[in-house]
Amino acid sequence: MEAQNTTDMKMILEAALLTSPTPLSLDDMRRLFAERIERATLNMLLDELKVDWETNPQKCTMELVQVATGYRLQAKSQYLPFLARLSPEKPQRFSRAAMETLAIIAYRQPVTRGDIEQIRGVAVNPNIIRQLQERDWIDVVGQRDVPGRPSLYATTKHFLDDLSLRSLQELPPIEEFTQAELSRDIA
Amino acid sequence: MNQLFNTDTKVHLDAKIHGESLTQLPQDLYIPPDALEVYFETFEGPLDLLLYLIRKHNLDILDIPMADLTRQYMQYVEKMRAIKLELAADYLLMSAMLIEIKSRMLLPKPTEIETEDDPRAELVRRLLEYETIKLAAQRLDEMPVVGSEIFVAQAYYQQIVEVAPPMVSLEDLMTAWKAVVQRASHFKHHKIGRAELSVREHMSQILRKLKEHRMMEFSALFDMVEEGVPKLVVHFLAMLELAREGLIKITQQAPFSPIYLQISMQD
């Protein structure tokens with residue numbers, strides 16, 4: 001069974017995006033058409049689909065977003081207050097210590113436990129590392145070639161997906177902060 | 001030992017100071033030492049405490065008055081040590097560092113070495129780096145996350161598994177067939193049924209054959225091997241019966257030589 005024209009193809013893409021539990025990569029989407037589609041065509045269809053969801057009043061509830069591992073459809077922000085009522089128990093937020101640890105790993109990766117301790121000035125709680133690993137936000141990407149061969153931690157693509165980021169470049173900038181603070185302090 | 005720091009960063013304000021309950025964090029830098037009991041667990045570590053002291057004092061982070069800072073810091077650490085010794089190790093390390101910096105600043109600088117770094121530089125670098133990360137952590141924490149602020153489309157669909165026909169070679173098929181045949185043989189019953197074969201009928205057949213050929217070799221008489229063992233047996237019985245009744249004659253010239261059959265000539 002094959003798609004007849006681009007309208008068909010767009011519909012097929014939409015159905016796949018709506019039903020996929022994880023973001024769909026371009027490779028996934030090419031598999032939908034048994035690889036018989038050019039990447040350029042695919043990108044064009046995705047652009048069209050994005051515009052459709054933005055402008056077509058029949059389907060204005062979702063938006064097509066690109067994240068680290070591909071594309072996904074997600075509810076537009078105006079519906080969030082309503083949707084949030086369905087799950088009154090918010091997933092637990094990480095503690096400040098965990099967020100600082102995560103921030104060090106995200107911005108300074110790859111880092112060892114020692115690096116984290118150096119920046120935070122306190123020993124790393126192994127529970128925090130485990131918590132972040134269980135969330136699939138960080139993982140071990142190697143060992144530093146020093147005595148003890150400590151594990152090097154980095155953030156995962158899943159972390160980027162969960163924060164709606166396409167790459168680490170899209171993390172909120174922090175270098176500017178230090179500069180701004182410095183100039184303020186000097187002034 | 002950092003368990004206490006990491007479990008929760010909320011301030012527990014159910015504490016009492018001089019008999020009065022504390023409803024909010026003290027605003028000034030000089031926190032009554034009793035309040036620290038409630039307070040120091042809110043810090044993420046010595047850098048956090050130092051930063052707090054510096055910011056509360058509106059001190060220039062690049063020009064820290066080391067004596068004041070160290071004195072105040074030490075007050076807290078002493079109190080902390082009195083309450084929870086196991087918490088204080090990281091803080092004590094920082095105390096040592098502060099005192100080292102202060103003492104290096106007190107040393108008279110030899111005039112010829114003018115380019116010596118400010119002993120506070122490393123502390124400032126660490127404080128700034130920590131503050132950067134602190135802010136980064138806050139920014140990350142404010143970002144919408146899938147599951148709480150981001151709702152991803154997840155329509156249901158009936159999964160239909162497209163079955164790919166398995167590849168079968170001729171050899172596979174033969175192996176399978178052999179296995180089937182072999183297995184079937186285990187289940188085959190040994191049936192014993194009444195054979196509807198008449199010895200009399202076969203006697204007539206033999207007589208008819210012998211009349212035609214006058215004399216036959218024994219084996220030629222049994223040229224119906226393919227018709228099955230029961231028939232052969234009956235045929236043999238018929239032959240013996242004929243011999244017994246003296247209707248045929250069975251002769252053999254010598255041992256292992258051909259056996260011949262012929263109809264007995266009536267005298």
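**Notes on the predicted model**

1. Leu102(A), Ala103(A), Ile104(A) and Leu50(B) touch the most other members of the largest nonpolar core, which has 54 residues. A nonpolar core here is a set of buried Ala, Val, Leu, Ile, Met, Phe, Trp, Tyr and Cys residues joined through C-beta atoms within 7 Å. Buried means that 20 or more other C-beta atoms lie within 10 Å of the residue's own, with C-beta atoms placed from the backbone; 12 or fewer is exposed, and in between is partly exposed. At least two residues of this core come from each of α5, α6, α7 (126-134) and α8 of chain A and α3, α4 (66-83), α5 (89-106) and α6 of chain B. The most, nine residues, come from α5(A).

2. This is a predicted model, in which local features need pLDDT of at least 70 and side-chain atom pairs count only at pLDDT 80 or more, while totals for chains, interfaces and linings use all residues. Residues are numbered from 1 along each chain as its sequence is written, and chains are lettered from A and ligands numbered from 1 in the order in which they are written.

3. Between the chains, 41 residues of chain A are in contact with 44 residues of chain B; contact means C-beta atoms, placed from the backbone, within 7 Å. On the chain A side, α5(A) provides the largest share, nine residues. That side divides into 24 nonpolar, seven polar and ten charged residues. Ala, Val, Leu, Ile, Met, Phe, Trp, Tyr, Cys and Pro count as nonpolar, Asp, Glu, Lys and Arg as charged, and the others, Gly among them, as polar.

4. In chain B, helices α3 (residues 46-56) and α6 (residues 121-142) pack at about 95°, with axes 10 Å apart. That angle makes α3(B) roughly perpendicular to α6(B), the term covering 65 to 115 degrees. Leu47(B), Leu50(B) and Leu51(B) of α3(B) meet Arg126(B), Leu127(B), Tyr130(B) and Glu131(B) of α6(B). Leaving aside neighbours within four places in sequence, Leu50(B) is in contact with Tyr73(B), Met94(B) and Leu127(B).

5. Strands β4 (residues 248-252) and β5 (residues 259-263) of chain B run antiparallel and are joined by five bridges; pairing requires at least two DSSP bridges. Ile250(B) stands opposite Leu261(B). The two strands form a hairpin with six residues between them, and Phe256(B) in the turn has a positive phi of about 70°.

Notes:
Contact = placed C-beta atoms within 7 Å. Helix = DSSP H or I, 4+ residues; strand = E, 2+ residues; numbered from the N terminus. Axes fitted to C-alpha atoms, helices over the stretch in contact; angles between N-to-C directions. Parallel < 35°, antiparallel > 145°, perpendicular 65-115°, else oblique.
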